[in-house]
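Thanks for coming. Please have the structure open.

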There are 2 protein chains.
Amino acid sequence: MKSVGINGYGTIGKRVADAVAAQEDMKIVGVTKRTPDFESKMAVQKGYPLYISVPEREELFEEVGIKVTGTVDDLYDEVDIMVDCTPEGIGAKNKEIYKKQGLKGIFQGGEKHDQIGQSFNSFANFKDAIGADYVRVVSCNTTGLCRTLTPIRDLCGIKKVRAVMVRRGADPGQVKKGPINSIVPNPPTVPSHHGPDVQTVLHGLNITTMALLVPTTLMHQHNLMVELENPVDVEDIIETLEKTPRVTLVEAGKGLGSTAEIMEYARDLGRPRSDLFEIAVWKESLNVVDGELYYMQAVHQESDVVPENVDAIRAMLELEDDPAKSIEKTNKAMGIVG
Amino acid sequence: MKSVGINGYGTIGKRVADAVAAQEDMKIVGVTKRTPDFESKMAVQKGYPLYISVPEREELFEEVGIKVTGTVDDLYDEVDIMVDCTPEGIGAKNKEIYKKQGLKGIFQGGEKHDQIGQSFNSFANFKDAIGADYVRVVSCNTTGLCRTLTPIRDLCGIKKVRAVMVRRGADPGQVKKGPINSIVPNPPTVPSHHGPDVQTVLHGLNITTMALLVPTTLMHQHNLMVELENPVDVEDIIETLEKTPRVTLVEAGKGLGSTAEIMEYARDLGRPRSDLFEIAVWKESLNVVDGELYYMQAVHQESDVVPENVDAIRAMLELEDDPAKSIEKTNKAMGIVG
């Protein structure tokens, strides 16, 4: 039973904590927070030992009666691996600390690939991470692209991918971000960074991306145009995606015609926090015309990378060397059936 | 001075009325309404003779003190051409009435091309409409595509266009439409109808489109990927678009990084209703990679087709046979400098 620490118990951190706690071969020995907010309180209620990341702030936690187990320095001694879920840019700085402590570390997609040195997606390059010390799980958007492009590439080869990513403006709880009533090219330059990010795990893939923000909080939406190397029927693509774990086909004709309806479905599934870990692909959108595959998919930005974090732990701590087996273990423990 | 009637004084109709009234070679002799709402009242205040489209409803107008000049049947006798701006699907039925009356008619993009028989865009196929009896001005999205694709095709040839259209969910005044917090593939099938619609005016263009709705009211946003026939520098494209009428280059770096900021700019321009008749192309987005041009543009869905309606009148009534001259006349009268 390996010991995992979560540095930064926020949007991703709290989800990874629950996912790790659900596994049979790893456990949570501590999570860190810098603010004594509702998340800190709930971490303690769930039984996760709480360590504060800024020692001088211990008083703030005491004042509101939140029990602190120690500081982040104490946590370093307890863990086999730290999953760093701190805000963008902090992870790269923390890497230096982990190095000094002789600790393995997993980072999130907000960090730069070059600063961490290696990126990860369970489907694209699990084996590269076996025994590795520092690995970055690619962002929610990149994870979404890898989930569906990897099986398609394996099925029939890919000449070129063009993707337009319509991104949610903010997460549901982020009340200070926009836009409210606007479409924002983000970045306004083309191509966006998502293509090169996919290439950090799907090496050599020819992919160009454009990205924008829109006023919604629920999911990202991707529009894909994939020139294929070998001719294939749309039925072959459907069959392949249907048997791909963490990908679920949804039908507009059955009431799942939008990101809002898909998240309503996730609520009905009864998952923790009403998350949808799977990438939802609209079945109706799948079409092959002149050797080019078109499809649309939706990505739950708060949760799709969570099972990938669990797989990364397993690869780095050499708990499993077969990606399919790790994916199966993670999914089973998390209740992912898609 | 030719006499123009507007059948349906709503979102498009009221704008076409003002644009026609501003021209030197045509005038508004009447507009029709079926409901005695604020738009009816304002039409009378502006001096447009008001005709009611449902004679039995005359009492409703009398009750609220709105002066009615007659019914739509009376208007038929007054006009050289009718611009039909009635809701989607009604125009095709009205065409039969205009035919019986021996009247020319212009229809909007909501009507089906096959039912009207001929479609129109000032840049793509003005000359086809010279002397024509029935012409459909293509939709706001299609007009936006034609405005920028026509000069690019003329400059360097186009092998294939892929476009993803991120459409506003509703117009600013449409309080009953959604979505509020969702991204809606619309249609969920690929390709969307926009490609074939472009082909009704840009004959033979190889174009595939995908479309969705997002929760915003201000503008549509288009993401274009254009495989070019002949090599060209991005500077050549910029120069071409800069000299294309009704296209304006905007820069995110100068505070115009979103549809909201572009419409704020339109408000500062002092145009009627704060409309932006031009297609706004983000300068930073223009890029040529491996013979493929990428760009992003924004389309003011309520107004971009308005100058096209004026040009269509001029072509059909043979007031002008040179598209460039008609465009120049229309633009000058409407204050379009982009």
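Where is the place of B:Pro191 in chain B? This is a predicted model, so keep that in mind throughout. B:Pro191 sits in the loop between strand S10 (184-185) and helix H9 (194-199) of chain B.

Most peptide bonds are trans, and most residues other than glycine have a negative phi.

A:Asp290 is not a glycine, yet its phi is positive, about 50 degrees. The residue lies in the loop between strand S15 (287-289) and strand S16 (292-299) of chain A, and it is exposed, with a relative accessible area of 73%. In chain B, B:Ser274 has a positive phi near 55 degrees. Its loop is the one between helix H11 (259-269) and strand S14 (279-282), and B:Ser274 is partly exposed, at 25% relative accessible area.

Now the strand, S11 of chain A, residues 207-214. Of its 8 residues, 8 are buried. A:Ile207, A:Thr209, A:Ala211 and A:Leu213 are on one side, with A:Thr208, A:Met210, A:Leu212 and A:Val214 on the other, so both faces are covered.

What does S11(A) pair with? Strand S9, residues 158-168, runs parallel to S11(A) over 8 bridges, and A:Ala163 has A:Thr209 as its bridge partner. Strand S10, residues 184-185, is antiparallel to S11(A), joined by 2 bridges, with A:Val184 opposite A:Leu213.

Methods. Residues numbered from 1 in each chain as written. Chains lettered and ligands numbered in written order. Predicted model: local features only at pLDDT ≥ 70, side-chain atom pairs only at ≥ 80, totals over all residues. Heavy atoms only, no water. Buried < 20%, exposed > 50% of the residue type's maximum accessible area, 1.4 Å probe, protein only. Helix = DSSP H or I, 4+ residues; strand = E, 2+ residues; numbered from the N terminus. Pairing = 2+ DSSP bridges.
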